[in-house]
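Q: I have a model open on my screen and would like to learn how to read its features. Could you take me through them?

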Amino acid sequence: MSRAKNEWVREGLQRRGYRQKDVAVAWASQQATVSRFIAGEELQDLQLSKALSLARMLGITVEELAKGLGLHGVEVEPTVPGGETPAIPLGTMNMSSPRPGVTRLEMRKDFSVKAAQEIIGIMSTDVLPS
């Protein structure tokens, strides 16, 4: 089985605790777009905003990302740090409506223990405190 052109991106994301779905949310695009990008099938230019968010998620510089994608001549896969909790970019949230009257929130953000307990309490009752 051959290795996808940008498989190092998928591997780096996994080491940092991200999934393709997280990239899709950060890019405001579909998971299929991210999958095609990793496979090397997505031929469109990578917008700067997408490159910045991907580099941040990978924990590398935009320059290292560009080299890894072969945008500066020879492709050079950067070393993506692993084993650390990634700094979740602010605004990484997805909201959808799976059925009428229901809103689904998916959010990736670090919280203090107290804040997380409050959020879990609200989620368990589905009622906002007064």
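Q: How many salt bridges does a search of the whole structure find?

A: Let's start with the general idea: side chains of opposite charge can pair when their charged atoms come close. The cut-off used here is a side-chain nitrogen of Lys or Arg within 4 Å of a carboxyl oxygen of Asp or Glu. By that rule, the search of the whole structure turns up two salt bridges. Keep in mind that this is a predicted model, where local features need pLDDT of at least 70 and side-chain atom pairs count only at pLDDT 80 or more, while totals for chains, interfaces and linings use all residues. Residues are numbered from 1 along each chain as its sequence is written, and side-chain values use heavy atoms, with hydrogens and water left out.

Q: Where do Glu7 and Arg10 lie?

A: An α-helix has 3.6 residues a turn, so residues three or four places apart point the same way. Helices here are DSSP runs of H or I with at least four residues, strands are runs of E with at least two, and both are numbered from the N terminus. Glu7 and Arg10 are both in helix H1 (residues 7-15), three residues apart, or about one turn of the helix. Their side chains form a salt bridge, at 3.1 Å from N to O.

Q: Is Glu7 buried or exposed?

A: The scale is relative accessible area: buried is under 20%, exposed is over 50%, and partly exposed is in between (1.4 Å probe, protein chains only). Glu7 has 16%, so Glu7 is buried, whereas Arg10, with 24%, is partly exposed.

Q: Which residue forms a salt bridge with Asp22?

A: That is Arg19, with the closest N and O atoms 3.5 Å apart. Asp22 is buried at 4% relative accessible area, and Arg19 is partly exposed at 48%.

Q: What does a search for aromatic pairs find?

A: Rings of Phe, Tyr and Trp (its six-membered ring) pair if their centres lie within 6.5 Å; planes under 30 degrees apart are stacked, over 60 edge-to-face, and the rest tilted. In the whole structure there is one aromatic pair. The ring centres of Trp27 and Phe37 are 5.4 Å apart and the planes meet at 75°, so this pair is edge-to-face. Trp27 belongs to helix H2 (residues 20-27) and Phe37 to helix H3 (residues 31-39), so the pair ties together parts 10 residues apart in sequence. Both Trp27 and Phe37 are buried.

Q: Where is Ala28, and what is its phi?

A: Ala28 sits in the loop between H2 and H3. Its phi is near 55°, a positive value in a residue other than glycine. Ala28 has 73% relative accessibility, so Ala28 counts as exposed.

Q: What is the order of the elements in the chain?

A: The chain has six helices and two strands, running α-α-α-α-α-β-β-α from the N terminus. Of its 130 residues, 27% are buried.
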